[in-house]
Amino acid sequence: MYTHSAFPLKSFTALLAFVSGTLTLPVHAAILAVDLTANNSGTISDGTNTATFVFDKLQPTGTGVLDPFVRIQQNGTEQGYNTTVANAGQLPFDEKFGVWTHDLQFSAMQAISGDYHFVLDIGEPVSTVQGAQQSLLSLDGLKFYVTNTPGQNNNSVDANGNANGIVGTLLWDMDALADNYVLLDANRDGNPGNGVSDMLLKIPASVFASVASTQYIILWSRFGLQNSANAGAESFGTFEEWAHLTVPPCQVDCGGGNPGGVPEPASLLLVGLGLAGLGLSRHMLRKQGTPAG
Ligand SMILES: [Ca+2]
Ligand SMILES: [Ca+2]
Ligand SMILES: [Ca+2]
């Protein structure tokens, strides 16, 4: 006859506590590596190459001046990578179907002063959703791959929910040394929606040194995991999109309130020389009695 006394409840409870205590992993805490809500730039290294994340406002994003190659949208958390598929049903994760989500051949990319420039434009609401002001958004995962296989749509994930079925060679990973995240505020510049960028990412050209022009670059990113540490950092509102810049930011938007970041001294010198030259030519034209244009 079965008897409880053979295995007292008190002992069982103690055993449970012991087992659960033993098996409970330390509380997982990601590291705020770059805070673009408070700083203008920051860096993350994968141990070999250091990427620079810059708070930047480029206005003509997504309108043809820039060519976005992946758009991602899902409430809460979201992830995705650029790929060309036949219809929305073939997209691997939370990508948006259309001309702005597509394969990116390396021949279409171009370095600027030793770095490849990528622009991130997020769209987050300036309103309370689920009890939190939502203009914040965390960038939790960012990986670059090179592949010979365009049109991929594998959607398998690892234990942490990150895509792990992309076929190719991993070139750079923001989480290579630690579980890093970047914190963004879509409303930092007062333009919380799409159409005004939020971050410029500079990846050293050495990351892509072994890539052939016929190969394809895949950018995988994931957003919205840091809501518990930063209320509102989950994803809401409209899409997030990545574009590649082939010309320096100021050539894209030199006329706005923030012309693609702080001008470098060399640029200011050129502007100064240009103004000086303009003044000189006007002066000379006036002396010759010709109306200055
Ligand atoms: Ca934006
Ligand atoms: Ca948010
Ligand atoms: Ca969004």
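**Figure 1. Strands E2 and E3, side by side.** In this predicted model, strand E3 covers residues 50–55 and pairs with E2 in the antiparallel sense, over five bridges.

Figure 2

**Figure 3. Inside the largest nonpolar core.** This core has 53 residues, and the ones touching the most other members are Val-182, Leu-184 and Met-199. Zoom in on Val-182: leaving out residues up to four places away in sequence, Val-182 touches Ala-33, Val-34, Leu-36, Phe-53, Ser-138 and Leu-139. In soluble globular proteins, nonpolar side chains tend to be buried together.

**Figure 4. Two loop residues with positive phi.** Ser-113 sits in the loop between strand E5 (78–81) and strand E6 (115–121). Its phi is near 50°, a positive value in a residue other than glycine. Is Ser-113 buried or exposed? Ser-113 has 9 other C-beta atoms within 10 Å, so it counts as exposed. Now hop over to Gln-130, in the loop between strand E7 (128–129) and strand E8 (132–133). Phi of Gln-130 is near 50° too, again a positive value in a residue other than glycine. Gln-130 is exposed because it has 12 C-beta neighbours inside 10 Å, and 12 or fewer is the cut-off for that label.

Figure 5. Look for Asn-148 in the loop between strand E9 (136–147) and strand E10 (169–173). With 11 C-beta neighbours inside 10 Å, Asn-148 counts as exposed. Ile-217 is 69 residues away along the chain, yet the C-alpha atoms of Asn-148 and Ile-217 are separated by 9.0 Å.

**Figure 6. Fitting the close-ups into the chain.** The protein chain holds three helices and 14 strands. Of its 293 residues, 35% count as buried. Take the contacts between residues at least 6 apart in sequence: 75% of them join residues at least 24 apart.

Methods: Residues are numbered from 1 along each chain as its sequence is written. Chains are lettered from A and ligands numbered from 1 in the order in which they are written. This is a predicted model: local features need pLDDT of at least 70, side-chain atom pairs count only at pLDDT 80 or more; totals for chains, interfaces and linings use all residues. Helices (H or I, at least four residues) and strands (E, at least two) are DSSP runs, numbered from the N terminus. A residue is buried if 20 or more other C-beta atoms lie within 10 Å of its own, exposed if 12 or fewer, and partly exposed in between; C-beta atoms are placed from the backbone. A nonpolar core is a set of buried Ala, Val, Leu, Ile, Met, Phe, Trp, Tyr and Cys residues joined through C-beta atoms within 7 Å. Two residues are in contact if their C-beta atoms, placed from the backbone, lie within 7 Å. Two strands pair if DSSP finds at least two bridges between them.
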